[in-house]
Amino acid sequence: MNNKKKKLKVKCPTCKKETKWKDNPHRPFCSERCRTIDLGAWADGSYSLEAETPPDFEETE
Ligand SMILES: [Zn+2]
């Protein structure tokens with residue numbers, strides 16, 4: 001047997017930060033924010049793949 005402890009850590013898919021797996025309600029994400037970002041990316045990509053942010057800076061006057 002080796003004494004290498006199993007790392008209960010996982011990399012957050014959103015920010016690539018190492019976060020603990022245990023007692024993490026947002027796993028595999030590090031935080032609710034990253035989870036939301038990821039979900040948002042999925043939802044966003046499903047309907048606006050070719051629709052970039054439209055330039056609407058002409059109505060400033
Ligand atoms: Zn994160």
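**View 1. Thr36 in helix α1.** Thr36 sits in helix α1, which spans residues 32-47; helices here are DSSP runs of H or I with at least four residues, strands are runs of E with at least two, and both are numbered from the N terminus. What you are looking at is a predicted model, in which local features need pLDDT of at least 70, side-chain atom pairs count only at pLDDT 80 or more, and totals for chains, interfaces and linings use all residues. Residue numbers start from 1 along each chain as its sequence is written. Thr36 counts as partly exposed because it has 13 C-beta neighbours inside 10 Å (buried means 20 or more other C-beta atoms within 10 Å, exposed means 12 or fewer, partly exposed lies in between, and C-beta atoms are placed from the backbone).

**View 2. Asp38 and its contacts.** Asp38 also belongs to helix α1. With 16 other C-beta atoms within 10 Å, Asp38 is partly exposed. Beyond its neighbours within four places in sequence, Asp38 is in contact with Pro13, Thr14 and Phe29 (contact means C-beta atoms, placed from the backbone, within 7 Å). Asp38 and Thr14 are 24 residues apart along the chain, and their C-alpha atoms are separated by 6.3 Å.

**View 3. The chain around these residues.** Stepping back, you will find 1 helix and 2 strands, running β-β-α from the N terminus on. Of the 61 residues in the chain, 5% are buried. Among contacts with a separation of 6 or more, 6% join residues 24 or more positions apart.

Notes
Contact = placed C-beta atoms within 7 Å.
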